[in-house]
Amino acid sequence: MALFGALFLALLAGAHAEFPGCKIRVTSKALELVKQEGLRFLEQELETITIPDLRGKEGHFYYNISEKVYDFLSTFITSGMRFLLNQQICPVLYHAGTVLLNSLLDTVPVRSSVDELVGIDYSLMKDPVASTSNLDMDFRGAFFPLTERNWSLPNQAVEPQLQEEERMVYVAFSEFFFDSAMESYFRAGGLQLSLVGDKVPHDLDMLLRATYFGSIVLLSPEVIDSPLKLELRVLAPPRCTIKPSGTTISVTASVTIALVPPDQPEVQLSSMTMDARLSAKMALRGKALRTQLDLRRFRIYSNHSALESLALIPLQAPLKTMLQIGVMPMLNERTWRGVQIPLPEGINFVREVVTNHAGFLTIGADLHFAKGLREVIEKNRPADVRASTAPPPSTAAV
């Protein structure tokens, strides 16, 4: 009975376990690169060591050796003198390694702002798993509105998988990663657009006025020539679908057309619903995951009657063109800024390859040190502790 209870609790815990939205695999190739860069850093640290002249007594042996003749006399140095040398060098090696590790970890973003609307949570969900060839890390990978920092979207997506080992680093993103981004922007009020007057393309303005001429002509003269307003408002959080054939984003929005006479309430001419499907192409540039969107499918229909939906058919093509020319560039300007990947400062992705799977995508890439480790450490070391990071003094005998 106790065994059954334990099994039930284990299954219950597994059912409530949350999958990561982002996974990162660091392969042995990357670890070798970091090792070489670390050795280069240690060599630079050792070059800064100044070992004072050693004076002392070892049994009946008195010595007074200057730095210039260390190599010449190395075969005659006693074990006691080697111990004194180790006291000089080993603290520097330990100090340099500690600074290197802490400085790199301090530069990895955990919970940070993406822009003025949303932030992202890259907290580790469990301890990294190390094998003979890889280091695997599971990150929450969840966006949140900056005005609701404690809000969290339940993760119901499949768990991303990493199998490849050819590149230095592999990053996997589930549908949850992108869904949490879009729902966060939706909750933050970032998925709406209003075009008024000159912001509405001239050809579309003329077409809309012709389409609703019957309604406009019945209005008072001071309203007829008022600026036109076209408002797009997403009605529900968009959803991302990742398949081996590609990544798509489904959006449902309201489209409102109105006249806005000065100092008077706006006069609504029509309200319709728009269903759109966007294709999304992902890329890694530097340390940023960037997205390029393209409008693929587009349909508008009336909220009131099938007859009015038929009357909207002539607007379908020009509205789609307006979205492609006027709206999509603004969306892509935002999505192409990208979101930072949890990678230490000074390291960038190069030669990336994107692969789509069912429910997640993976990006394999090699690493490039854009900055030397010394520059990374100095940049991220607090100014008030730089003076206190010198290695401990020697305790050589005098």
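**Close-up views of a predicted protein chain**

Buried residues (under 20% relative accessible area, 1.4 Å probe, protein chains only) make up 42% of the 398 residues in the protein chain. The model is predicted: local features need pLDDT of at least 70, side-chain atom pairs count only at pLDDT 80 or more, and totals for chains, interfaces and linings use all residues. Numbering starts from 1 along each chain as its sequence is written, and side-chain values use heavy atoms, with hydrogens and water left out.

**View 1. The chain as a whole.** The secondary structure comes to 10 helices and 18 strands. These are DSSP runs numbered from the N terminus: helices are H or I, at least four residues, and strands are E, at least two. Contact means heavy atoms within 4.5 Å. Among contacts between residues at least 6 apart in sequence, 68% join residues at least 24 apart.

**View 2. The largest nonpolar core.** Such a core is a set of buried Ala, Val, Leu, Ile, Met, Phe, Trp, Tyr and Cys residues joined through side-chain atoms within 4.5 Å. Of its 69 residues, Phe173 and Leu289 touch the most other members. Strand β14 (residues 267-285) gives the most to this core, with 8 residues. Another core, of 6 residues, lies apart from it; Ala142, Phe144, Trp151 and Leu153 are among them.

**View 3. Helix α5, residues 202-211.** Leu204, Asp205 and Leu208 are the buried residues of this helix. Cover for the buried residues includes β11 (228-234), β13 (246-259) and α9 (313-335). On the other side, His202, Asp203 and Ala210 are exposed, that is, over 50% relative accessible area, with partly exposed in between.

**View 4. Valine 217 in its loop.** This residue is found between α6 (213-216) and α7 (221-224). Valine 217 counts as partly exposed because its relative accessibility is 43%.

**View 5. Two residues with positive phi.** Aspartate 263 has phi near 60°, a positive value in a residue other than glycine. Its place is in the loop between β13 and β14. Aspartate 263 is exposed, with a relative accessible area of 82%. Arginine 351 has a positive phi of about 55° although it is not a glycine. Arginine 351 sits in strand β17 (residues 347-356) and is exposed, with a relative accessible area of 56%.
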